[in-house]
Amino acid sequence: MPELPEVEAVRKSLVELVVGKTIKDVFVGWPKIIKKPLEIEQFQDALQGQTILDINRRGKFLIFVLDDYALVSHLRMEGNYSVRSHDDPEEKHTHIVFKFVDGTELRYRDVRKFGTMHLFTKGMEHTELPLAKLGPEPFAAEFTQNYLKEKLMKTERMIKAVLLDQTIVTGLGNIYVDEVLFRSSIHPERIAKTLSDEEVALLREQAAATLEESIQAGGSSVNTYMNSRGESGTYQERLLVYGKKGEGCKKCGIPLQKIKVAGRGTHFCPECQK
Ligand SMILES: [Zn+2]
């Protein structure tokens, strides 16, 4: 599943490929991907003649900014965009096609069809679901020591579950939570409210640093993720614990372990994360 750095890589590649293009019409082969409006014709009519002015990102959501609308897209497990000429053969599992007046197309493929799209009148996208309940990103100004400390003190949950909760902090998924906890020397099963001020500060710092490093590397290509130019990132080469069960810890050398926490496979060092 793409996480924030991978979605950011997709965003950057799409900005180069489709900003400035005007939509002629939209093909919808799998209507269930469109969550809003529920009337597919309404979706298609609204998009006709709209130009893509910019593409933003909030957590793992892409936001296509159009003349009058904002299209919020979540790739979920395997959603993926590519830009092709209208006469290029269509790949299998292509479910939505934005056809541009210049003869090119933005194609959305999704083998498992879990991805979603919501269309809003521009400006309304942040006031309604799915964006309305998202917490700040780790590098946002609102993600302060006080903010995080307060959220952690209010819950009986384990720290891993809290960091995966997108209403508290958005953009950390399973891979990066494992990395951040290792880099902060915090056991994933620690009850969040037992963290010291120093540990909370370390978590904040490492959450931002880990995501920034991965963004710089174009994301990680765990699960064969690729950006919209078909390029993959390289951050998987720098992962310290994720997917490394049984390998020696980079800090102390003892074998890393994998357990289940909050229903998710969780990698950690039993020595460095007590
Ligand atoms: Zn260790």
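Predicted model: local features only at pLDDT ≥ 70, side-chain atom pairs only at ≥ 80, totals over all residues.
Close-up 1. Residues are numbered from 1 along each chain as its sequence is written, and side-chain values use heavy atoms, without hydrogens and water. Helices (H or I, at least four residues) and strands (E, at least two) are DSSP runs, numbered from the N terminus. The buried residues of H5 pack against helices H1 (4–18), H4 (159–164) and H6 (197–216), and against strand E11 (264–268). Among them are Asn-174, Tyr-176 and Phe-182. Lys-251 lies over the face of Phe-182, at 4.4 Å from the ring centre (NZ of Lys or CZ of Arg within 6 Å of the centre and within 35 degrees of the ring normal). Just after H5, Ser-185 takes a positive phi of about 55°.

**Close-up 2. Glu-3 and Arg-264 belong to an annotated set.** An unreviewed UniProt entry gives "active site" for Pro-2, Glu-3, Lys-60 and Arg-264; such annotations may be inferred rather than shown by experiment. Glu-3 lies in the segment before H1. Glu-3 counts as buried because its relative accessibility is 3%. Beyond its neighbours within four places in sequence, Glu-3 is in contact with residues including Lys-60, Asn-174 and Tyr-176 (heavy atoms within 4.5 Å). The Glu-3 side chain reaches the backbone nitrogen of Gly-173 at 2.9 Å. Arg-264 sits in strand E11. Arg-264 is partly exposed, at 33% relative accessible area. Its contacts, with the neighbours within four places left aside, are Lys-160, Leu-164, Asn-174 and Ile-259.

**Close-up 3. Phe-64, Tyr-81 and Tyr-108 form one aromatic cluster.** The structure holds 4 aromatic pairs (ring centres of Phe, Tyr or Trp, its six-membered ring, within 6.5 Å; planes under 30 degrees apart are stacked, over 60 edge-to-face, the rest tilted). Phe-64 and Tyr-81 pair edge-to-face, 5.5 Å centre to centre with 65° between the planes. Phe-64 is in strand E4 and Tyr-81 in strand E6, so the pair ties together parts 17 residues apart in sequence. Phe-64 is buried, at 2% relative accessible area. Tyr-81 is also buried, at 2%. Tyr-81 and Tyr-108 form a tilted pair, with 5.1 Å between centres and 55° between planes. Tyr-108 belongs to strand E8, 27 residues from Tyr-81.

Technical notes. Buried < 20%, exposed > 50% of the residue type's maximum accessible area, 1.4 Å probe, protein only. Polar contact = N/O pair within 3.5 Å; in protein donor to acceptor, adjacent residues only side chain to side chain.
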